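Dear colleague,

Please find the structure below, which I am passing to you for your reference. My notes on it come directly after.

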Amino acid sequence: MTTAATRHSDRRISPVFLGILAVTAVTGWATWTGFAELPGVAVFLFVTAAWIVSLCLHEYAHARTALHSGDISVGAKGYLTLNPMKYTHALLSIVLPVVFVIMGGIGLPGGAVFIERGRIRGRWRHSLISAAGPLTNVLFAVVCTAPFWLGALDGVPADFRFALAFLALLQVTAAILNFLPVPGLDGYGVIEPWLSHGVRRQVEPFAPFGLLFVFALLWVPAVNGVFFDVVDSLLGTLDTYCGYDLFRFWQDTSGVCPVSP
């Protein structure tokens, strides 16, 4: 019933998203085949485009779950078209996460779709809506790491393998950060419906600063070290840092990793 109330045009995939998907496919092919004269540029474009695709699907998961939970307004807002330009905060949702990838190789979560929570009944539904986004990152991480733990890397070019490993790193860091029970992040959204009204009112003023708080903590060497130790333990022996070096093509990292000339 809720889906029927949403017009077909509200659910049509945006040409913007299809364009980003096409860039991902073309640059992924260029990375695989070594077609690009500068492999680092191809890896940079491939990982960046694939990362934006995952951000779009992250927000789509929130919106789609909200739609089936009772918020039929998400269709009219354009959230079901996968168009990043329709997000409430395009800067926070797309631009900043890409900048953070370039700066520090971290999958920064972004807040984007506005859900009308008053339309939704039941605490489990509220929690599921919040969890849907980071669960999408978990799924992406599984897809990116599957060739490694399945031992299906025979014939896979080194550049593409490194790029895939770095993309997996971004998905894992995004999932971990998103699931932190910090106000403003999805992890807090999962537990918020189960908190008392008094606690929620006390915490609410801090929500706009939750992401900044996490970002500041990651600049503390001890915290940063523990965070990436957890990430490394989850990813095992993947060549994530070679992928990051190749991604940052403007830096001279020759001789560090066996990438294409």
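Predicted model: local features only at pLDDT ≥ 70, side-chain atom pairs only at ≥ 80, totals over all residues.

Residues are numbered from 1 along each chain as its sequence is written, and side-chain values use heavy atoms, with hydrogens and water left out.

A pair of aromatic rings is described by the distance of the centres and the angle of the planes. Rings of Phe, Tyr and Trp (its six-membered ring) pair if their centres lie within 6.5 Å; planes under 30 degrees apart count as stacked, over 60 as edge-to-face and the rest as tilted. The structure contains 13 aromatic pairs. One of them joins Phe215 and Trp219, with ring centres 5.8 Å apart and planes at 85°, so this pair is edge-to-face. Phe227 and Phe228 are also edge-to-face, because their centres are 5.2 Å apart and their planes stand at 80°.

For accessibility, buried means under 20% relative accessible area, exposed over 50% and partly exposed in between (1.4 Å probe, protein chains only). Phe215 is partly exposed at 27%, and Trp219 is exposed at 58%. Phe227 and Phe228 are both buried.

One aromatic cluster is formed by Phe44, Phe166, Tyr244, Phe247, Phe249 and Trp250.

Turning to the cysteines, a disulfide is a pair of cysteine sulfur atoms within 2.5 Å, and the count by this rule is zero. Cys56 is buried at 0% relative accessibility, and Cys144 is buried at 4%.

Yours sincerely
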